[in-house]
Amino acid sequence: MMRGARRRRQVEQRREQGGFSTIAIAFVMLALTLPIVFIAEATLVAGRQATNNSLGQENLRAVDAAMSAVVGEIRLDESAVNVGCKGPASPSATFARPQARPTQGSVLNVEIQCSAHSVTATERVLDFVAVVDSGSGPLQRGKARVKYVDKLSASSSVEPGVEMLVCDWRLGEDTAALSNC
């Protein structure tokens, strides 16, 4: 009889301890899950920020490429000598330069607006503004001031763009005035 009573007490003790271990395991699982969730969320946010930064940099490279192309094109334009951006008698001009964006798989429509800052018999100082169509309206994404020397001296013959000096070159939403040459 004693044996039966002892067994009942052991079984009862086992039953009393069972719920505690389940609750303890649940708390341990909760304590381990919360940091994992926070780490995963932080990783996702960092990934989104990196992607947005990368796409923004790709857009700036497209604007830079468009401005470089127009600056090089105007440098050797004989009809623009003594005039400004484009000849004849056109001190300002707009150049459409759509740029491919490989990662985004699309084209960024960039317009480069050129205006004459000063024009003399030997040199031209031109201002360039890069405007991007953002869908909600045009946005300025770059600007530059470039000096072209078209004659080495007043008596020499015309040599368009024999020298070129980039006085200021800015990308992004910089609204400050351009530096003088």
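Here is a chat about a predicted model of one protein chain.

Colleague: What should I know about the model before we start?

Modeller: This is a predicted model, where local features need pLDDT of at least 70, side-chain atom pairs count only at pLDDT 80 or more, and totals for chains, interfaces and linings use all residues. Residues are numbered from 1 along each chain as its sequence is written, and side-chain values use heavy atoms, with hydrogens and water left out.

Colleague: Okay. How many helices and strands are in the chain?

Modeller: One helix and seven strands. Along the sequence the pattern reads α-β-β-β-β-β-β-β. Helices (H or I, at least four residues) and strands (E, at least two) are DSSP runs, numbered from the N terminus.

Colleague: How much of the chain counts as buried?

Modeller: 27% of the 181 residues. Buried means under 20% relative accessible area, exposed means over 50%, and partly exposed is in between (1.4 Å probe, protein chains only).

Colleague: Which residues form the nonpolar patch on the surface?

Modeller: Ile 23, Phe 27, Leu 30, Leu 34 and Phe 38, with about 550 Å² of accessible area together. Patches are made of residues with over 30% relative accessible area and no salt bridge; like charges are joined within 9 Å, and nonpolar side chains (Val, Leu, Ile, Met, Phe, Trp, Tyr) within 5 Å. A salt bridge is a side-chain nitrogen of Lys or Arg within 4 Å of a carboxyl oxygen of Asp or Glu.

Colleague: Where is Leu 30 found?

Modeller: In helix 1, which covers residues 2–75. Leu 30 is partly exposed, at a relative accessible area of 46%.

Colleague: Switching topic: how many disulfides does a search of the whole structure find?

Modeller: Two. A disulfide here is a pair of cysteine sulfur atoms within 2.5 Å. One of them joins Cys 85 to Cys 114, S to S 1.9 Å. This pair links distant parts of the chain, 29 residues apart: Cys 85 lies in the loop between helix 1 and strand 1 (92–96), and Cys 114 in strand 4 (residues 110–119).

Colleague: Is Cys 85 buried or exposed?

Modeller: Buried, with a relative accessible area of 0%. Cys 114 is buried too, at 2%.

Colleague: And which cysteines form the disulfide with sulfur atoms 1.7 Å apart?

Modeller: Cys 167 and Cys 181. That pair also links distant parts of the chain, 14 residues apart, with Cys 167 in strand 7 (residues 163–171) and Cys 181 in the segment after strand 7. Cys 167 is buried at 18% relative accessible area, while Cys 181 counts as partly exposed at 47%.

Colleague: What about the handedness of these links?

Modeller: The link of Cys 85 and Cys 114 is left-handed, with -80 degrees about the S-S bond. The link of Cys 167 and Cys 181 is right-handed, with 105 degrees.

Colleague: Back to strand 4. How many bridges join strand 4 to strand 5?

Modeller: Nine, and the two run antiparallel, strand 5 being residues 123–133. A hairpin through three residues joins them, and Ser 118 has Val 125 in strand 5 as its bridge partner. Two strands pair if DSSP finds at least two bridges between them.

Colleague: How many bridges join strand 1 to strand 4?

Modeller: Five, and these strands run antiparallel. Phe 95 stands opposite Ile 112 in strand 4.

Technical notes:
Areas by Shrake-Rupley, 256 points an atom, 1.4 Å probe, with all protein chains shown as cover.
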